[in-house]
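Trainee: Hi! Could we go through this one together, starting with the sulfur links and then moving on to the rings?
Mentor: Happy to, let's take a look.

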Amino acid sequence: MVVLCASLHGCFAAVPQGQLPGVRSTVHPMTVNSIGKRSSVYLPVSGNVYPLGYYSVTVKIGNPPKPFQLDIDTGSDLTWVQCDAPCSGCTLPRDRLYKPTGKNYVLCKDPICAALQAPNPTQCRNTNEKCGFQVEYADHGSVLGVVVSDSFPLRLVNGSDSSPHLAFGCGYRLQNSGPHATAGVLGLGRSKASIMSQLSSMGVTQNVFGHCFNDRGGFMFFGADFVPKSRVTWTPMLQSSSDKHYSSGPAELFFGGKPTGIKNLNVIFDTGSTYTYLNSGVYKPVVDLIRKDVSGKQLKDVNDKALPICWKGSRPFKSMRDARNYFNTLALSFMGSSNIQLQLPPEAYLIVTEQGNVCLGILSGAEAGLGTSNVIGDISLQGKLMIYDNEGQRIGWASADCSRKLG
């Protein structure tokens with residue numbers, strides 16, 4: 001399994017499952033519900049970086065519709081929910097699980113099944129088997145299940161309603177799933193299996209989405225109606241047949257407005273990661289820069305269970321407002337234009353813990369098993385309107401008040 005996660009609850013890897021236990025085999029052709037004019041969907045977001053460690057939205061599935069709270073994950077393709085088929089290891093009460101029926105199952109012959117398992121060929125024993133999936137995480141949790149389809153009732157901003165039938169995962173065997181109270185994951189990756197690709201192919205929305213996170217939640221949207229006409233900084237998506245993540249680069253790292261000498265960084269924007277991860281060649285130099293910068297500023301190293309590197313002040317910090325003046329701004333300057341910078345002020349890489357300490361929310365990707373990857377996680381996406389334009393193959397951002405709806 002190729003995994004890109006740590007809290008990193010995302011990273012989807014599909015494996016052929018053949019005939020799986022606990023479900024009946026039933027042919028169910030995909031249905032398409034499109035509307036004449038593409039519109040957009042606006043969704044309130046709940047959650048925070050600390051102490052929750054994730055952001056989520058509530059979507060409705062089925063007829064009659066049933067609400068499911070899902071983690072927002074740009075680092076994985078498949079949306080999945082905890083599923084009563086029956087379920088082993090589910091964390092929600094049975095009455096809050098998704099209950100599939102015989103007509104819901106997606107078969108191996110459906111093109112969406114091949115999309116889930118790309119770039120590997122589908123290895124089902126026969127085309128009338130149910131399409132299976134498995135999600136594995138860097139923290140050794142996993143989810144096993146089958147792919148189903150059902151209606152997703154959506155209220156569009158043009159005033160109309162749409163109920164497209166979308167394919168998603170019915171997860172009925174969870175292991176080491178942790179304390180999460182959410183029902184599953186909203187997969188927003190770049191493959192044809194993602195929710196955005198499906199909505200776009202059905203003519204419901206354009207293949208564009210965005211999110212805006214803060215310490216109290218925020219909002220997200222599907223479609224292009226909420227993309228500002230100006231003040232957005234854009235950088236191209238990296239194109240790779242083997243990597244379906246939202247990647248960009250190369251970038252040079254600045255600290256306090258000055259170049260650090262750290263260059264050629266390719267980064268992945270992943271809301272499935274709570275924190276930001278740098279590879280081994282970058283992580284230590286960045287930590288050394290920050291440590292050197294705060295030396296002599298009345299901060300002392302302290303152990304805190306929240307994160308590996310923490311400091312305490314002369315008195316406990318109450319918020320990042322108290323702590324930010326001790327630290328400098330990091331920035332990623334994307335090559336090709338000096339104007340393309342992703343600013344990371346102190347609140348984009350630090351947290352204040354329940355003990356009143358300030359801790360570094362940049363972690364070692366090598367220790368999380370991420371190899372050479374550099375992952376920009378939720379902590380560094382706060383206070384920004386992030387836009388993923390799959391049609392224009394670009395990623396954009398703008399400073400924003402994420403407590404207010406755009407428009």
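Mentor: A definition to begin with: a disulfide is a pair of cysteine sulfur atoms within 2.5 Å. Keep in mind that this is a predicted model.

Trainee: Okay, how far apart are the sulfur atoms of C87 and C90?
Mentor: They are 1.9 Å apart, so with the cut-off of 2.5 Å, C87 and C90 form a disulfide. The link of C87 and C90 is right-handed, with 85° about the S-S bond.

Trainee: And is C87 buried, partly exposed or exposed?
Mentor: C87 is partly exposed, at a relative accessible area of 24%.

Trainee: How many disulfides does the structure hold?
Mentor: There are 6 disulfides. Counting bonded cysteines along the chain, their pattern is 1-8, 2-3, 4-6, 5-7, 9-12, 10-11.

Trainee: Which parts of the chain does the pair of C212 and C402 link?
Mentor: The sulfur atoms of C212 and C402 are 2.1 Å apart, and this disulfide is left-handed, with -70° about the S-S bond. The pair links distant parts of the chain: C212 is in strand β12 and C402 in the segment after β28, 190 residues apart. Both C212 and C402 are buried.

Trainee: What about C310 and C359, right-handed or left-handed?
Mentor: The torsion about their S-S bond is about 105°, so the disulfide of C310 and C359 is right-handed. C310 lies in strand β20 and C359 in strand β24, so the pair ties together parts that are 49 residues apart in sequence. C310 counts as buried at 2% relative accessibility, and C359 counts as buried at 0%.

Trainee: New topic: how many aromatic pairs are there?
Mentor: The structure holds 14 of them. One of these is F152 with F168: the ring centres are 5.4 Å apart and the planes are at 75°, so the pair is edge-to-face. Both F152 and F168 are buried.

Trainee: And F209 with Y388, why is that pair stacked?
Mentor: Their planes are at 10°, with the ring centres 4.6 Å apart, so F209 and Y388 are stacked. F209 lies in strand β12 and Y388 in strand β27, so the pair ties together parts that are 179 residues apart in sequence.

Trainee: Which residues do ring pairs link into a cluster?
Mentor: Ring pairs link Y42, F219, F221 and F226 into a cluster.

Trainee: Last one: where does the charged end of R394 sit?
Mentor: The charged end of R394 sits over the ring of W234, 3.7 Å from the ring's centre. The charged end of K130 sits over the ring of Y105, 5.9 Å from the centre.

Key: Residues are numbered from 1 along each chain as its sequence is written. This is a predicted model: local features need pLDDT of at least 70, side-chain atom pairs count only at pLDDT 80 or more; totals for chains, interfaces and linings use all residues. Side-chain values use heavy atoms; hydrogens and water are left out. Rings of Phe, Tyr and Trp (its six-membered ring) pair if their centres lie within 6.5 Å; planes under 30 degrees apart count as stacked, over 60 as edge-to-face and the rest as tilted. Buried means under 20% relative accessible area, exposed over 50%, partly exposed in between (1.4 Å probe, protein chains only). Helices (H or I, at least four residues) and strands (E, at least two) are DSSP runs, numbered from the N terminus. A charge sits over a ring if NZ of Lys or CZ of Arg is within 6 Å of the ring centre and within 35 degrees of the ring normal.
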